[in-house]
Amino acid sequence: MTRFRNARGADAAVTHAIRLSPIAAACALCLWSAAAQAQSQSQPQESAPSQVVVTGIRGSIETSIAIKKESDSIVEAITAEDIGKLPDQSIAESIARLPGLTAQRVAGRAQVISLRGLAPDFGVTLLNGREQTSTSNDRSAEFDQYPSELLSGVVVYKTPDANMTAAGLSGTIDLRTVRPLDRKGRTIAFNARGEHNSNGQLNSGWSNKGKRVSLSYIDQYLNNTLGLAIGYAHLDTPGQQKEYKSWWWGAENNLPAGMEDVVALKGAEVTSTSRKQVRDGLMAVVDWKPNRDLRSTLDLYYSQFDQEEVMRGMMWNSHQWSAVTYRDPRVETIGGVRLLTGGSLVNLEPIVRNDYNERRDEMGALGWNTRLRLDDRWSVDGDLSWSTAKRRETTSETYAGLGPANSGVTDNDFKFRIPVGAGLPQFTPSVDFTNPGIIRLTDVGGWGHDATMHHPRVEDRLGAAKLNVRGELDGFFSNVQAGLSYSKRDKSHEDVSQTFWLKNGRALTTVPADIIQPTTSLAWAGIPGVLSFDPRAAIDRFYVKRPVDTDVAQQDWAVSEKQAIGYLRLGIDTDLGNVPLRGNVGVQYVHVDQDAQGKAVSNNVITPLSAGHSYHDILPSVNLNFDFGHYLHDTYMRMGVAKTLARPRMSDMRAGVSAGVDQTTRMWNGSGGNPQLEPWRANSFDLSLEHYLGKGSYVSAAYFFKDLKSYIYNQQRPFDFTGFPNSSAVVPLTNIGTINQPANGQGGYVRGVELSGSLQFGMLWQPLDGFGVQASVSGTESSISPNGPGTTEKLPGLSGVVRNITLFYEKAGFSARVAQRYRSAFRGEVTGLFAQRAFSEIMAEDQVDIQLGYEFQSGPWKNLSFMLQVNNLGNEPYQTKQGSPFASGAYAPERYTTYGRQVLFGVNYKL
């Protein structure tokens with residue numbers, strides 16, 4: 001359970017959390033105090049209309065602020081600085097700079113987004129207002145699938161609206177492409193960047209250099225009644241990763257007397273991974289408006305993302321069931337736990353790994369929207385959409401070492417030193433693990449196989465139709481909207497798990513010279529190097545397939561969802577005395593039919609299973625925007641109240657079960673999914689106070705409270721195993737047994753505060769014109785026990801403190817930006833053994849990025865610009881602690897990974 005430890009209570013806890021971020025808090029206070037000083041300068045004055053169109057950093061900020069200001073809901077926005085130029089290298093990094101939003105790094109890339117302390121499962125991602133499929137194992141979007149060069153902006157809805165038929169419990173992220181008829185004239189933009197990774201070339205033949213290229217075209221035809229936008233983006237980026245990972249920690253070690261309570265590392269790995277990531281994205285928009293009454297828009301999006309990686313390194317078992325002993329042990333006490341942090345391992349059997357993985361993701365989306373104005377008061381619009389995602393992946397492992405498990409051929413002086421704080425551990429073997437004469441292919445770990453290969457497959461399809469009717473009204477309610485929507489989503493996941501034996505009766509096999517590659521150095525962790533070879537060639541030449549592993553079959557699933565929604569929404573535009581009031585009130589009726597397929601696994605016997613469920617919800621919502629401009633110019637208070645939901649994880653909805661009959665109790669027991677899961681449901685309250693200072697500056701304070709009526713976690717429940725295959729000779733006493741499966745259980749609250757603002761310093765003092773700052777800080781807490789009442793694990797995705805600050809300068813063609821993004825420690829979802837869902841305690845991250853640029857604003861080189869960008873300037877490590885604490889509450893270190901800093905230099909040109 002995530003709680004701030006503050007005797008003054010939960011409300012004080014949130015305040016305390018914000019105090020923990022002094023830089024962003026100070027900036028927020030400066031923004032608030034600057035508001036009073038700048039107020040007199042921001043009062044409206046009579047002046048001639050300006051024809052200046054502002055682009056670049058300040059233009060992006062001004063457009064984003066305008067979207068926030070004009071919305072009826074509580075929103076955050078990002079807009080591109082120009083065609084094909086969003087502020088960051090990736091769309092996820094831009095989104096993560098918004099107040100209350102955070103990104104989790106996967107393979108060094110900001111990939112998934114948490115909104116307001118809730119994991120990505122609780123949000124919904126849209127493209128031009130339409131829900132999108134995903135290549136992930138569940139619903140959450142992987143944002144590195146979307147090239148930032150093809151997007152014109154992003155709007156994040158923190159409060160729902162009744163006519164939003166796809167919305168999340170935590171919020172909704174709407175990615176938007178350009179509308180060509182909303183622009184004037186032809187635009188052609190070209191961007192190119194070269195990239196360098198500071199970690200260097202960790203594996204021979206895998207470059208640390210890459211490139212990005214994009215081209216955009218926008219034009220209008222037929223007297224501005226037909227618009228066309230086409231964009232193409234190519235990414236070829238390297239990945240170079242250094243990683244240390246502990247397997248697990250525990251007592252019961254072969255240590256000298258008096259050290260029975262000492263906790264030691266039971267296994268670890270040190271690896272160097274190199275990646276080649278190539279993505280091609282295509283966007284097209286056809287926009288037709290033959291007259292003022294009709295507008296029809298067709299959107300197309302497609303991306304293909306190919307990823308290859310090679311991982312080479314060393315790993316070892318040192319658990320109590322091995323023959324490992326210790327020499328010269330060094331013990332340190334951390335958090336009341338005595339940890340073994342140094343010494344020498346004796347009788348160790350290190351495993352040399354040479355792995356190769358490849359993955360291809362394909363995503364496509366098609367949307368067609370037509371809006372027809374029937375008369376001056378009534379209009380109707382229809383929307384059809386189709387989204388598809390497909391993932392094909394292969395992961396392979398090979399093993400080599402001094403000899404097969406328990407052969408007695410070991411390293412008897414393997415020195416180690418493990419830091420308990422930041423930094424990489426150091427290991428010093430006494431054997432040359434680069435020597436092909438002694439390092440040979442074999443099952444060093446005693447795992448019963450000599451190589452493995454997994455083939456995860458994901459397919460996701462979503463079709464939707466929506467009809468909306470809008471009418472203008474007079475009086476308190478300014479308009480009415482009513483509509484229907486229907487969607488059908490089909491998603492499946494399967495994994496074929498294949499093991500291999502060496503062809504020669506599993507005897508030690510020497511790696512031939514023709515597939516040996518230059519040694520991979522692990523000197524950054526103290527290990528001089530490991531034998532490196534082509535794993536694909538080795539598997540093809542020396543291994544034979546074993547029967548397919550059925551143990552993972554219960555993780556295969558297919559889920560089909562049919563959702564029908566009817567809604568009514570009334571717009572509000574009135575005055576309450578001296579306070580103008582704008583907003584909306586509405587209600588949705590949601591009906592869902594869900595069906596799931598899976599597999600029953602019992603003693604290697606696989607039987608297809610299926611089950612389903614249906615449910616309905618009534619979801620009211622209110623958004624109110626009070627204009628206090630009569631009392632304080634350009635000041636608004638927004639309030640949102642709603643009932644919201646998030647549909648369950650699809651992998652949890654699987655019908656798959658693995659079970660058997662206990663020989664002692666003669667009772668059925670097993671584990672699996674739950675096709676009868678219902679959504680997470682919550683009552684939400686939001687309050688925001690916003691004060692605007694001209695076009696480019698504002699300050700805001702917000703509070704949110706989400707009362708989740710239930711939470712989904714694994715529970716022991718009665719289960720009817722009638723018809724389930726029983727391949728054992730034991731006859732059960734009854735078909736009613738127990739199953740461990742996800743189920744709706746006790747919920748709790750998530751609440752927090754957010755301070756944010758933007759200030760252009762020229763408002764305060766003219767010599768500072770061009771300088772500015774954007775900053776935000778949020779504090780969040782939760783009472784939810786995500787693994788059920790009485791458990792202490794944190795809510796996944798929740799960082800107690802999140803802060804962002806960006807300092808910028810833009811004037812006379814010169815531009816500069818320094819951005820810092822911080823999130824405190826959190827419990828994150830990661831890919832575990834056999835590509836299954838697992839959790840890690842991810843430590844706090846503080847990443848700094850910089851960008852410098854110059855654009856010619858006149859002469860023959862007008863609209864030509866250059867840019868230098870450095871991401872992850874300090875090479876911020878990705879660090880985790882073990883997923884479950886010791887009895888004392890202390891955590892042991894688990895993972896330390898560095899991805900290097902990315903240096904990009906590019907050129908942009910616009911016609």
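Me: In which strand is the place of arginine 681?

Reply: Arginine 681 sits in strand E33, which covers residues 680–692. Strands (E, at least two residues) and helices (H or I, at least four) are DSSP runs, numbered from the N terminus. Before we go on, a word on the model: it is predicted, so local features need pLDDT of at least 70 and side-chain atom pairs count only at pLDDT 80 or more, while totals for chains, interfaces and linings use all residues. Residues are numbered from 1 along each chain as its sequence is written, and side-chain values use heavy atoms, with hydrogens and water left out.

Me: Is arginine 681 buried or exposed?

Reply: Look at the relative accessible area, found with a 1.4 Å probe on protein chains only: under 20% is buried, over 50% is exposed, and in between is partly exposed. Arginine 681 has 16%, so this residue is buried.

Me: Which side chains make a polar contact with the side chain of arginine 681?

Reply: A polar contact is a pair of N or O atoms within 3.5 Å; within protein, one must be able to donate a hydrogen and the other to accept it, and residues adjacent in sequence count only if both atoms are side-chain atoms. The side chain of arginine 681 has such a contact with that of aspartate 617, at 2.5 Å. Another, at 3.0 Å, links arginine 681 to the side chain of glutamate 678.

Me: Which residues does arginine 681 touch, not counting residues up to four places away in sequence?

Reply: Touching is a contact, meaning heavy atoms within 4.5 Å. Among the residues that arginine 681 touches are Leu169, Tyr615, His616, Asp617 and Asp707.

Me: In what order do the 5 strands of the open sheet come?

Reply: To read a sheet, follow which strand pairs with which; two strands pair if DSSP finds at least two bridges between them. Here the order is E1-E6-E7-E4-E5, with mixed pairing. The edges are E1 (75–79) and E5 (130–131), each pairing on one side only. E1 is joined to E6 (residues 153–157) by 5 bridges in the antiparallel sense. Within that pair, glutamate 76 stands opposite valine 156.

Me: Which helix lies across E1 and E6?

Reply: That is H3, residues 56–70, which runs at about 155 degrees to E1. For such angles, axes are lines fitted to C-alpha atoms, for helices over the stretch in contact, and the angle between N-to-C directions runs from 0 to 180 degrees.

Me: Which residues in H3 are buried?

Reply: In an α-helix there are 3.6 residues a turn, so residues three or four places apart point the same way. In H3 the buried residues include Ile57, Ile61, Ser64, Ile65, Lys68 and Lys69.

Me: How many bridges join E34 to E35?

Reply: Strand E34 (residues 698–720) and strand E35 run antiparallel and are joined by 22 bridges. In this pair, serine 700 has serine 756 as its partner. E35 also runs antiparallel to E36 (residues 771–782), with 11 bridges. There, serine 758 is partnered by glutamine 774. E35 (residues 736–760) runs parallel to E32 (residues 668–672), with 3 bridges. Asparagine 669 and threonine 738 are bridge partners in that pair.

Me: What does proline 893 touch, not counting residues up to four places away in sequence?

Reply: Proline 893, in strand E44, touches Ser246, Trp249, Pro419, Thr880 and Lys881. Its relative accessible area is 19%, so proline 893 is buried. Proline 893 and glutamate 841 are 52 residues apart in sequence, yet their C-alpha atoms are 9.4 Å apart in space.

Me: And the whole protein: how many helices and strands are there?

Reply: The protein has 5 helices and 45 strands. Of its 911 residues, 57% are buried. For contacts with a separation of 6 or more, 74% come from residues 24 or more positions apart. The C-alpha atoms fill a box of roughly 90 × 70 × 60 Å along the principal axes.
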